Amino acid sequence: MAEEQRVVILPDSLTVRELADSIEIIVIEVMKVLIANGIVASINQEIDFDTAAIVCAEFGIEALSQSSLAEQAQKEEAAQAQEWRQVYSEEDPEDLERRPPIVTILGHVDHGKTTLLDTIRKTQVVEGEAGGITQHIGAYRARHGDRQITFLDTPGHEAFTAMRARGAHGADIAVLVVAADDGVMPTTREAIAHARAANVPIVVAVTKMDLPGANLEQVNQQLAEVELVPVNWDGNTMVEAVSGITGEGIEDLLEAILLTSDDNDVVANPAARPSGVVLEAEVDPSRGVIATLLVLNGRLKRGDSLIAGRTSGRIKAMFDESNRRINAAGPSTPVAVMGLAEMPEPGDSFEWVKSDKAGRRLLQERREDGQQGGGRMEALTLDDVFARFRSGDTRELALIVKADYQGSLQPILDSLEKLSDDNRDGIQLRILQADIGSIGENDVNLAAASNAIVVGFNVDVDSTARRVADSQGVDIRNWKIIYNLLEDIELALHGLLEPEDIEERLGLAEVRQVFSNSRVGNIAGSYVREGTVQRNARARVLRDDRVLADGLRVGSLKRVRDDVREVRAGFECGINLERYNDFQEGDLLEFYVVRRGSRPGA
Ligand code: GDP
């Protein structure tokens, strides 16, 4: 894969001496090569990048131009911002038309997300009065003046991120709900991190303005602290004061959403072949599979054939959010369709095919190629980051940082920032989220959706988080010593980090009695509670959930009098650990082996 050729990054011009230093070749040798190429230059003379690159090539070194890398990085940033619109990027700009923005509602629990969605639905749903009863199909269109806005109906960043983790686009705009009587809360900050990781612009709705405890000034202040400076504080963030109960301010909120949409080129080609994303799916006993699709591009028509994720079919009937039969749906329209053979998964993408038969054939081909229909994004491991950097595919390493308490988090963040600053020409660190507490499923989903790595300091990894990480190939790295964490990240920034050592837990023993032995030191008379204890394992000593010592070798392992290689759960044994004597009754001894290499799925 990655070639073993050395690579240097060089500025547009540099002196001969600087070049020699950069490639670690003595100046005379460099000058010889220059002369051989017809250039007579003194040690301190400036040469341009192209000349330097020729010299490098002579020494088998590949030179990359700093400025073109920076340019590339800029382009990449722009491309990332376009991620959501990628679908449309293959279109001729002439064919593109403005389409309704797709909006997701994020924020802290109980701050009024559902109420706001319900109120907008009740008051603004397109042709709500004339149509049937609105039904939940995962999204609905609201009207503002003569324009429309599509709201995703499942609030919260979990849904949003789960979709992104499957490779689907999240939304064009995130409305961040903050209750006026409660202010910015931890989940609010989490939601901001998710929206930023997805490069989705944020409009803030300060809800519950009808309550006596509402304090808009204070919320504005808190928003400014998380770098969402309100427009009327000379910032860039549109902050609208609303009430989901009285409806106050909702028209202004819709206006703000549309203004944001106009600033962000929310467009599609209605004439293209229809494509989009699956929002939901269920099996109806009488109608078969009903899937809710959100059309992103083109116009989906009744009778069209589709593939969606791993399934296919021909649309027999199509319904809008008011449960009315419709024959066609343009960009940003959510529709419930009948006719797919099986249930697709939320977040799967769908695309038009010529016929149902062609769809089935395509799926078959994809299965044979081992391609995933859902198009799950490949998560990134630390080891991949540098390979991508070398090939010019990335300039940054995105991290989600979790620490045991605030006092350790801040120094870690400060040091990481410094590492990144010191590595200006190389990979830059981008902290998507930093928080205290154990590593949870949400962190892993954010990582999977954003190609990030989860970095833990002295924290636990939830078992679900571990499972999701394994299945999505997300790299979780956990450290117990800040210095080691920083050292490893620094190595990673230079592409030098060894593959992670993987710990495989063998078993757990409880110390029941401590015997002293003048020759080998203390022996822990122990009872094996889980798994096995093995002579060749490593051990750590735990007391009251704290790790007292780690990485210890087993000095001796005895059953009654005999040396043994292994003791199973339910038996007693005598354990001596090399260089460790401080056993106490009740201590837990955890045994593990360390394997070298990449985690499965990584
Ligand atoms: P979610 O968890 O963010 O979806 O919050 P909900 O929409 O379920 O609202 C939580 C509680 O706050 C409910 O009891 C709502 O009735 C109440 N609530 C939501 N919005 C408002 C509002 O604008 N004004 C008042 N007074 N109560 C609200």
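## A side-chain pair: Glu396 and Arg430

The side chains of Glu396 and Arg430 make a polar contact at 3.4 Å, where a polar contact is a pair of N or O atoms within 3.5 Å, and within protein one atom must be able to donate a hydrogen and the other to accept it, while residues adjacent in sequence count only if both atoms are side-chain atoms. The model is predicted, so that local features need pLDDT of at least 70 and side-chain atom pairs count only at pLDDT 80 or more, whereas totals for chains, interfaces and linings use all residues. Residues are numbered from 1 along each chain as its sequence is written, and side-chain values use heavy atoms, with hydrogens and water left out.

Glu396 and Arg430 are 34 residues apart in sequence, and their C-alpha atoms are 6.5 Å apart in space. Glu396 belongs to strand E21, residues 396-403; helices (H or I, at least four residues) and strands (E, at least two) are DSSP runs numbered from the N terminus. With a relative accessible area of 24%, Glu396 is partly exposed, given that buried means under 20%, exposed over 50% and partly exposed in between (1.4 Å probe, protein chains only).

## The chain as a whole

The chain has 16 helices and 32 strands, and 50% of its 602 residues count as buried. Among contacts between residues at least 6 apart in sequence, 71% join residues at least 24 apart, contact meaning heavy atoms within 4.5 Å. The chain exposes about 29,200 Å², of which carbon and sulfur atoms supply 45%; accessible areas come from the Shrake-Rupley method with a 1.4 Å probe, and for residues only the protein chains shown count as cover.

## Around the ligand

Of the 14 residues around the ligand, Asp110, Thr114, Thr115, Asp210 and Gly244 come nearest, a residue being near when one of its heavy atoms lies within 4 Å. By class, this shell has three nonpolar, seven polar and four charged residues; Ala, Val, Leu, Ile, Met, Phe, Trp, Tyr, Cys and Pro count as nonpolar, Asp, Glu, Lys and Arg as charged, and the others, Gly among them, as polar.

An oxygen atom of the ligand is 2.7 Å from a polar backbone atom of Asp110, and a backbone N or O atom of Lys113 lies 2.8 Å from a ligand oxygen atom. For Thr115, a side-chain N or O atom is 2.5 Å from an oxygen atom of the ligand. The protein covers 72% of the 580 Å² of accessible area that the ligand has on its own.

## The largest nonpolar core

Of the 30 residues in the largest nonpolar core, Leu176, Val204, Leu223 and Leu228 touch the most other members; such a core is a set of buried Ala, Val, Leu, Ile, Met, Phe, Trp, Tyr and Cys residues joined through side-chain atoms within 4.5 Å. Elements that each supply at least two residues of this core include strand E9 (173-179), helix H8 (186-197) and strand E10 (202-207). Leaving aside neighbours within four places in sequence, Leu228 is in contact with Leu176, Ile192, Arg196, Ile202, Val204, Leu223 and Thr237.

Asp587 lies in the loop between strand E31 (572-577) and strand E32 (588-596), and at 1% relative accessibility Asp587 counts as buried. The side chain of Asp587 makes a polar contact with that of Arg543 at 2.6 Å, and a polar atom of the Asp587 side chain lies 2.8 Å from the backbone nitrogen of Gln584.

Helix H14 (residues 441-450) is mostly covered, with nine of its 10 residues buried, and Asn451, which follows H14, has a positive phi near 55°.
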